[in-house]
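Subject: Structure handover and what was found in it

Hello,

I am passing on the structure we talked about, and below it you will find my notes on what was found. Please read them with the model open beside you.

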Amino acid sequence: MTQKISDSKKIVGVFYKANEYASKNPNFLGCVENALGIRNWLESLGHHYIVTDDKEGPDCELEKHIPDLHVLISTPFHPAYVTAERIKKAKNLQLLLTAGIGSDHIDLQAAAAAGLTVAEVTGSNVVSVAEDELMRILILMRNFVPGYNQVVNGEWNVAGIAYRAYDLEGKTVGTVGAGRIGKLLLQRLKPFGCNLLYHDRLQMGPEMEKETGAKYVESLDEMLPKCDVVVVNTPLTEKTRGMFNKEMIGKMKKGVLIVNNARGAIMDRQAVVEAVESGHIGGYSGDVWDPQPAPKDHPWRYMPNQAMTPHISGTTIDAQLRYAAGTKDMLEKYFKGEDFPAQNYIVKDGELAPQYSLQDSSPLPVTEKMSEYKASLTNKPCVGKMNGKSEDKPLPSSLALETEKPEGEKATVEVEYIESENLNDVEDADAVLKSVLAGLDSKDWVSVCDALNNVRRLSIFHKDAMLHMLEKVIPLVVKSLKNPRSAVCKTACMTSADIFCAYNDHITDLLDSLLTQLLLKSSQDKRFVCESADKALTSMTSYVSPTLLLPKLQPCLKNRNPRIRAKASLCFSRSVPRLGVEGIKEYGIDELVQAAASQLSDQLPESREAARTVLLELQTVYEKAHPLIKPDTASSSPEEEHNPEAEPITWEIFCQSKLSALSAQAVLRVTNVVAVTTRDGLVTTGSSSSSQL
């Protein structure tokens, strides 16, 4: 998206009108009249800047500018709804900016398909929203609104307020979502002496949990019934739209207080009304509605025990100064063709940010199609070596990059994922060996996929020739695993699997960064990428010697990310049996027991089940090495009866001697429920060595 400063762009801003209030504060920038304070700057650069609040209907002011605008700026407080239909009409549109946080007013899937960039000023108003949420909790808890209304109406009835006013101290407050705003809220609630809970995709690190005093609850169904106050801090996505319906609200305590400054559409509108009217919800407060501005007949305006306001929490004067500056900074970078701060992107290169992507969508089993604007592709026919061919010629039809498209149409890029058994040898191994590093480090993602597939071919057909290059190749494979483009990431996962198969123990010294990325990708990416990363991890545990692999896995069992811990636990449980009976003894059964025991208390069931599997196998090995002496064969000699060496150390005694009391109790609970006969034969007795070159 390289631009020349001399290029004149049409930029449209959609903000609320301030009318007489616009001149009352020179820093009131987020309104039509003051237009983020960037009008003079934009016009001095030769750009055309149009600002309006008229955004709805076929004849609105915004609609007139849709066909030829280049940049559209909007705010969450007066959002311009950018539908797929509007995107289709906007032939020149390149950039959608949100002055603030939250881009759900945009059809993000349509924007990604059209190759648009969507960005927001991440962090610009998180403090403002967190402070507002704290205020709303106190307003509801102390029954403030009826008291205020009494004063305005000339009344004085203390009982009418006090009968449902409570202290915040000692109450349980749970936040659904613990991103930037959620963490700030928890930090601000800690001094009030509340019991703080949070539910999120990922658990915070121990330092942040200590700082906030909050406890992670993996299951939302488990957290909600415990809460006196529920705060909604999750983004609006297709998965969270209407999440708090009648059934979900029914799981909460009777009289629960709800604060929602996230998005109105996360709530089932009518379910909230009915629950407030019945008293199941004791009070509801927020500043977000669906739609916005809220119509005069919106039922939330008239339900009892509400403390609703217009969408104001994130548009304080301080926040306006921050998101105006952030918008200007991104426009400057846009004009220069520079990247924005990574955390600001919501859609980039056809990829959605993780919180907006559809993680549950069906994987693409064979190809991934990426759409991009014609301007981002060259007009030259694509050439490459996706099938190991080094000569310049068009790719096979299943891999063609279509660039010869009529004006305004999108181009489609297809990448074929080739299974290892279907890969063909390269025609000129020496030439590919010389070029593969440059290909892996290319800025062109198609070239990177090409090079990754060539690494796979070299590993399979020329593994001796590739061996000396592994030290340089593997860091570039790790770089590809970090690539936000799913096609590159999946191909890198497939490459990792083939490297493990070919080189097994020869890559142990290079394994750490590769292992970390595969664990991460297998736990939190698009499903088809997760599945490919899982296959790579299976290849790793199958071909890398467990004696060398287990020391690499053990630190991952303590990772802050519970999903990474779960995947590491599964790899651990697959590797331990490959040691064999003698290998387990040599490695140290006590060390393995301690590692597995630490996972029994993990929050994810996958970790706990993997630990149980390992412990059952370790118990089998231990009991084979320390058989119990049956009473009918025991010596009656008094000397032998009192000889400690003649008395076997049972599994129970062993666990109690190596573990804390609680850990030993947990281990014995999961191992003693299964009869010894059902465990026979779980451990392999073969050699633990892996295949060598």
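Predicted model: local features only at pLDDT ≥ 70, side-chain atom pairs only at ≥ 80, totals over all residues.

Residues are numbered from 1 along each chain as its sequence is written, and side-chain values use heavy atoms, with hydrogens and water left out.

The protein as a whole has 28 helices and 16 strands. Of its 693 residues, 51% are buried, a word that stands for under 20% relative accessible area, with exposed meaning over 50% and partly exposed lying in between (1.4 Å probe, protein chains only). Among contacts between residues at least 6 apart in sequence, 68% join residues at least 24 apart.

To return to the helices, two that pack are described by the angle between their axes and the distance between the axes; the axes are lines fitted to C-alpha atoms, for helices over the stretch in contact, and angles run from 0 to 180 degrees between N-to-C directions. Helix H21 (residues 546–553) packs with H22 at an angle of about 155°, the axes being 10 Å apart, and so H21 is roughly antiparallel to H22 (angles over 145 degrees count as roughly antiparallel, under 35 as roughly parallel, 65 to 115 as roughly perpendicular and the rest as oblique). H21 passes H22 in a left-handed crossing, that is, the near helix is turned anticlockwise from the far one by less than a right angle, and clockwise would be right-handed.

H22 (residues 562–575) also packs with helix H20 (residues 527–543), here at an angle of about 30° and with the axes 9 Å apart, which makes H20 roughly parallel to H22. The crossing of H20 past H22 is right-handed, and the residues in contact include Leu537 and Met540 of H20 and Cys571 and Arg574 of H22.

How is Leu481 placed? Leu481 belongs to helix H17 (residues 470–481) and counts as buried because its relative accessibility is 0%. Leu481 lies 37 residues from Leu518 in sequence, yet the two are 7.6 Å apart in space, C-alpha to C-alpha. Beyond its neighbours within four places in sequence, Leu481 touches several residues, among them Cys489, Cys493 and Leu518.

Those cysteines lead to another point, since a disulfide is a covalent bond between the sulfur atoms of two cysteines. With the cut-off set at a pair of cysteine sulfur atoms within 2.5 Å, a search of the whole structure finds zero disulfides. Cys493 is therefore in none, and the nearest cysteine sulfur, that of Cys489, is 4.7 Å away. Cys493 is buried, at 0% relative accessibility.

Finally, Asn233 sits in the loop between strand E9 (229–232) and helix H11 (246–250), and with 13% relative accessibility it counts as buried. The side chains of Asn233 and Glu133 are joined by a polar contact of 3.4 Å (a pair of N or O atoms within 3.5 Å; within protein, one must be able to donate a hydrogen and the other to accept it, and residues adjacent in sequence count only if both atoms are side-chain atoms).

Best wishes

Note on methods: Helix = DSSP H or I, 4+ residues; strand = E, 2+ residues; numbered from the N terminus. Contact = heavy atoms within 4.5 Å.
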